[in-house]
Amino acid sequence: MFNPNEIREQFPILSTQVYGKPLVYLDNAATTQKPRCVIDAISEAYCTINANVHRGVHHLSQVATEQFEEARRTVQNFINAPHSRQVIFTRGTTESINLVASSFGNSFLKEGDRVIISTMEHHSNIVPWQLLRDRIGIEIRVIPLLPDATLDVEAYRGLFNERTRLVSLTHVSNVLGCTNPVKECIDIAHSNGVPVLIDGAQSTPHTKVDVQALDADFFVFSGHKVYAPTGIGVLYGKEEWLEKMQPYHGGGEMIQTVRFEKTTYNELPYKFEAGTPDYVGAIALGKALEFVQQIGIENIARHERMLTQYTLERFAEIENMRIIGKPDGSAVSFLVGDIHPADLGTLLDRLGIAIRTGHHCAQPLIDHLGIPGTVRASFALYNTREEVDTLVEGIKRVARMFA
Ligand code: PLP
């Protein structure tokens, strides 16, 4: 196991103060803080190797290209993809899902075809499908939840028909903090001949991802939630789909030849990487994933599960505490009596505690639960039990003010 207090020293922002109080950063599901090695990797890239990738014969461009492609292999290794050409760099989860909705949609979907999502999806895994529905008239079917807010897998089985073309499902809910049985869901889809996209935004930072063991057809995640910078993310896809899918954006690097009459496209992954990529972001993402690998994702998961468990135990002391859903990972959503989440969040902020409040970009889920939103504490490897204690004392103090 690692010592979170030693780890904290590698994250410069964690020693800052908010309103004169030590920062207690519990908004990691929104974005994680960055270790020194990632910050340095960005600075070093601009100071020593910066040049546009894949274009230059000159030395710097070649070094930048090598490091960019090395980062792709680091991602490949991190998610156990069969080949690095199946790793496409995007701006993040949102862009990755939009890419699939657009390219898979253009290539394989027709009016009346069905796409299955779930009640607990982030807007990023709802709206791209609605845009496609508005454009070509697909049908969106939604997996309902059981009373305990977990996925209703039996109902899911019943959503398939001969027009079902894709399932797009979150691995871990950003609101409920629960892990979906994605392997079972993928197997059910495959037994119906339907491919599956897994939204790994909330799983990749906290659990071992093996796209081959999952047999996921597409897997997407964001760098910034796994200690890397903003603006870089990943789409993994099986070659059988990626090869047949139309490009997403047109421009430089995604082409083989361009004539005014006709353009032919580049091989994977470049077919989906039009324009100058965020190669510095990709290099920094590679650094962040190496950082996680050095500590060990299983160790991180164990530490975060311990924090979640401890939070649930300590929350039991708080009167009128209501846990939303069945958290099993690194995020806990809750409500306290009838204190509005925004009020609780604002007052905790004054105590230096950064937590998330509101609908968490999952309005259909919040509507389904019939609540105004939630307060969410979400953990990363650098959080401590003492910070949970500070949170608990903070909530008790706010609750006394409202009593
Ligand atoms: N999907 C889930 C489950 C998320 O939690 C998030 C972000 O919170 C996203 C998608 C969107 O990620 P991004 O904004 O990095 O594209």
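Visitor: How do you know which strands helix H5 lies across?

Guide: The model is predicted. Contact means heavy atoms within 4.5 Å, and by that test helix H5 (residues 127-136) lies across S5, S6 and S7. Helix H5 runs at about 150° to S6.

Visitor: What makes S4 and S6 edge strands?

Guide: The open sheet has seven strands, in the order S4-S10-S9-S8-S7-S5-S6, with mixed pairing. Strand S4 (87-90) and strand S6 (139-143) each pair on one side only, and therefore they are called edge strands. On average, neighbouring strands of this sheet are turned by 20° against each other, direction ignored.

Visitor: Why are strand S5 and strand S7 said to pair?

Guide: Two strands pair if there are at least two bridges between them. Strand S5 (residues 114-118) and strand S7 (residues 164-170) have three bridges, so they count as paired, in the parallel sense. Ile 116 has Val 167 in S7 as its bridge partner.

Visitor: Which strands does helix H4 lie across?

Guide: Helix H4 (residues 93-108) lies across S4, S7, S8, S9 and S10, and runs at about 150° to S9.

Visitor: What makes Lys 287 the charged residue in the contact of H2 with H10?

Guide: Lys counts as charged, and Lys 287 in H10 is among the residues that meet H2. By class, this contact has twelve nonpolar, no polar and one charged residues.

Definitions and conventions: Residues are numbered from 1 along each chain as its sequence is written. This is a predicted model: local features need pLDDT of at least 70, side-chain atom pairs count only at pLDDT 80 or more; totals for chains, interfaces and linings use all residues. Side-chain values use heavy atoms; hydrogens and water are left out. Helices (H or I, at least four residues) and strands (E, at least two) are DSSP runs, numbered from the N terminus. Axes are lines fitted to C-alpha atoms, for helices over the stretch in contact, and angles run from 0 to 180 degrees between N-to-C directions.
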